[in-house]
Amino acid sequence: MDLITLQKVDESNFIACFALKLHDWQEQFVSHPIRSLAQAYVYYGQCTPFAVCSGSRVVGYVMVIYDYDEETYNIWHLMIDKGHQGRGYGRTAMELALSYIRTKPFGSSNRVLLTVSPENHTACKLYRSLRFSETGRFDEDEVELGLTLK
Ligand SMILES: CC(C)(COP(=O)(O)OP(=O)(O)OC[C@H]1O[C@@H](n2cnc3c(N)ncnc32)[C@H](O)[C@@H]1OP(=O)(O)O)[C@@H](O)C(=O)NCCC(=O)NCCS
């Protein structure tokens, strides 16, 4: 199996990020990289968008963003292309995103937050297995999960 890496989105890979596709029923769960990268432009001083790569092939996307008000890291818009799901890429992408956060690229916080639809059973299972747990807060119809890095 090719090495799975997170590569910062740049001119070499952004078109491949634009081409990522989900199953129709998954589109409700996450913003597409096209929209996410537009947000990354707005929040350019506090976020890093990544292509998830298997070897040189872009198979997914994820963004790490720092909330300077709450002093927390957030993981946004994780997605693996529908043709590459179920092979461990999502789990590895999350582990790599957490490793990146451990380098404290923006602020010194150890706290990581994300939100997920309770109906998104695959993502919920993945996050819980990485020890994320409910914070008790909600963002519209999504639950917030948090993890404190050791
Ligand atoms: C959620 C998502 C990123 C997971 O990526 P993936 O590469 O398919 O997942 P992985 O192969 O790494 O598997 C992660 C876990 O989910 C489980 N899983 C994967 N596919 C599954 C499926 N179809 N049904 C049930 N569980 C599944 C696996 O059991 C695995 O757990 P394990 O490692 O203990 O076996 C991917 O399904 C996706 O892009 N979904 C649509 C977008 C989305 O919902 N993003 C999350 C927004 S919060």
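View 1. Glu-71 sits in the loop between strand E3 (57-67) and E4. With 13 other C-beta atoms within 10 Å, Glu-71 is partly exposed; on this scale, a residue with 20 or more such atoms is buried, one with 12 or fewer is exposed, and partly exposed lies in between, again with C-beta atoms placed from the backbone. The C-alpha atom of Phe-106, a residue 35 positions from Glu-71 along the chain, is separated from that of Glu-71 by 9.6 Å.

What you are looking at is a predicted model, in which local features need pLDDT of at least 70 and side-chain atom pairs count only at pLDDT 80 or more, while totals for chains, interfaces and linings use all residues. Residue numbers start from 1 along each chain as its sequence is written.

**View 2. The shell around the ligand.** Of the 21 residues around the ligand, the ones that come nearest are Gln-26, Phe-29, Gln-85, Gly-90 and Arg-91; a residue is near a molecule if its C-beta atom, placed from the backbone, lies within 6 Å of it. Strand E4 (72-80), helix H3 (89-102) and helix H4 (121-129) each bring at least two residues to this shell, and the largest share, five residues, is from H4. Helices (H or I, at least four residues) and strands (E, at least two) are DSSP runs, numbered from the N terminus. By type, the shell has ten nonpolar, eight polar and three charged residues. Here Ala, Val, Leu, Ile, Met, Phe, Trp, Tyr, Cys and Pro count as nonpolar, Asp, Glu, Lys and Arg as charged, and the others, Gly among them, as polar.

**View 3. Val-52 and the largest nonpolar core.** This core has 37 residues, and Val-52 and Val-62 have the most contacts inside it. Strand E2 (47-54), E3, E4, H3, strand E5 (111-116), H4 and strand E7 (142-148) each give two or more residues to the core, with the largest share, eight residues, coming from E3. Not counting residues up to four places away in sequence, Val-52 touches several partners, including Ile-4, Leu-6, Val-62, Ile-80 and Ala-93. A nonpolar core is a set of buried Ala, Val, Leu, Ile, Met, Phe, Trp, Tyr and Cys residues joined through C-beta atoms within 7 Å.

How values were computed: Two residues are in contact if their C-beta atoms, placed from the backbone, lie within 7 Å.
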